[in-house]
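The sequence and the structure come first.

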Amino acid sequence: MILSDILEPSAVTAALKVQNKKQLLQDLAHGLAEQTAVDSRIVFETLLQREKLGSTGLGQGIAIPHGRLPSITRVYGYFARLSGPVAFESVDGEPVDLVFALVSPNHAGADHLTALARISRVLRDGAMLAKLRGASGADSLYALLTEHGIASASAA
């Protein structure tokens, strides 16, 4: 799986302005709702329920909120670079500024885990993080995310 399989250019935001984790999850849910045609409240509740199990903040300013939606047929992603970091209860206690949200169908166990692993691999690359934080806009972010996925697909 490569990131362009789950991430559309319209699902990338370069300067999302939010005040807190709840607002961030609501905005991500709205973006995912546009991609999936699922009501944003349902997407929000799905992401929120997963966060209640434990924060998806991985450290280094990265979070990968995710969940499963029974009414979709494939994996969808939404990437946001925040205009300013927000507290996210990350494992390292640091605020988050790069977020890749993911929703998958209930039956997509392997695809869900593969997508999470791919996203995690891309976002744990220090050079990639610097490029994502320095990119000029959504188009540049999308290109970085999907080109990196294509280049590393053969290594997976």
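## Salt bridges

A salt bridge here is a side-chain nitrogen of Lys or Arg within 4 Å of a carboxyl oxygen of Asp or Glu. The model is predicted: local features need pLDDT of at least 70, side-chain atom pairs count only at pLDDT 80 or more, and totals for chains, interfaces and linings use all residues. Residues are numbered from 1 along each chain as its sequence is written, and side-chain values use heavy atoms, with hydrogens and water left out.

Five salt bridges turn up in a search of the whole structure. One of them joins Lys21 and Glu89, with 3.1 Å from N to O. This pair links distant parts of the chain, since Lys21 is in helix 1 and Glu89 in the loop between strand 5 and strand 6 (96–104), 68 residues apart. Helices (H or I, at least four residues) and strands (E, at least two) are DSSP runs, numbered from the N terminus.

Exposure is given as relative accessible area: buried means under 20%, exposed over 50%, and partly exposed in between (1.4 Å probe, protein chains only). Lys21 counts as buried at 13%, whereas Glu89 counts as exposed at 61%.

## Further charged pairs

Arg74 forms a salt bridge with Glu8, and their closest N and O atoms are 3.7 Å apart. This pair also links distant parts of the chain: Arg74 is in the loop between strand 4 (66–68) and strand 5 (76–86), and Glu8 is in the segment before strand 1 (12–16), 66 residues apart. Both ends are partly exposed, Arg74 with a relative accessible area of 29% and Glu8 with 32%.

Another salt bridge is formed by the side chains of Arg41 and Asp39, at 2.9 Å from N to O. Arg41 is exposed at 62%, while Asp39 is partly exposed at 33%. Salt bridges that share partners also join Lys21, Glu51 and Glu89 into one network.

## Helix 1 and helix 2

The axes of helix 1 (residues 21–36) and helix 2 (residues 40–53) come within 8 Å and cross at roughly 135°. Axes are lines fitted to C-alpha atoms, for helices over the stretch in contact, and angles run from 0 to 180 degrees between N-to-C directions. That angle makes helix 1 oblique to helix 2; angles under 35 degrees count as roughly parallel, over 145 as roughly antiparallel, 65 to 115 as roughly perpendicular and the rest as oblique. The crossing is right-handed, meaning that the near helix is turned clockwise from the far one by less than a right angle.

Contact means heavy atoms within 4.5 Å. Residues of helix 1 in this contact include Lys21, Leu25, Leu28 and Leu32, and those of helix 2 include Val43, Phe44, Leu47 and Glu51. By class, the contact has nine nonpolar, three polar and three charged residues. Ala, Val, Leu, Ile, Met, Phe, Trp, Tyr, Cys and Pro count as nonpolar, Asp, Glu, Lys and Arg as charged, and the others, Gly among them, as polar.

## Backbone details

Most residues other than glycine have a negative phi. Gln60 is not a glycine, yet has a positive phi of about 60°. Gln60 sits in the loop between strand 2 (57–59) and strand 3 (62–63) and is partly exposed at 43%. Glu89, also not a glycine, has a positive phi of about 60°.

Ala143 lies in helix 5 (residues 138–153) and is partly exposed at 25%. Ala143 and Ser4 are 139 residues apart in sequence and 9.4 Å apart in space, C-alpha to C-alpha.
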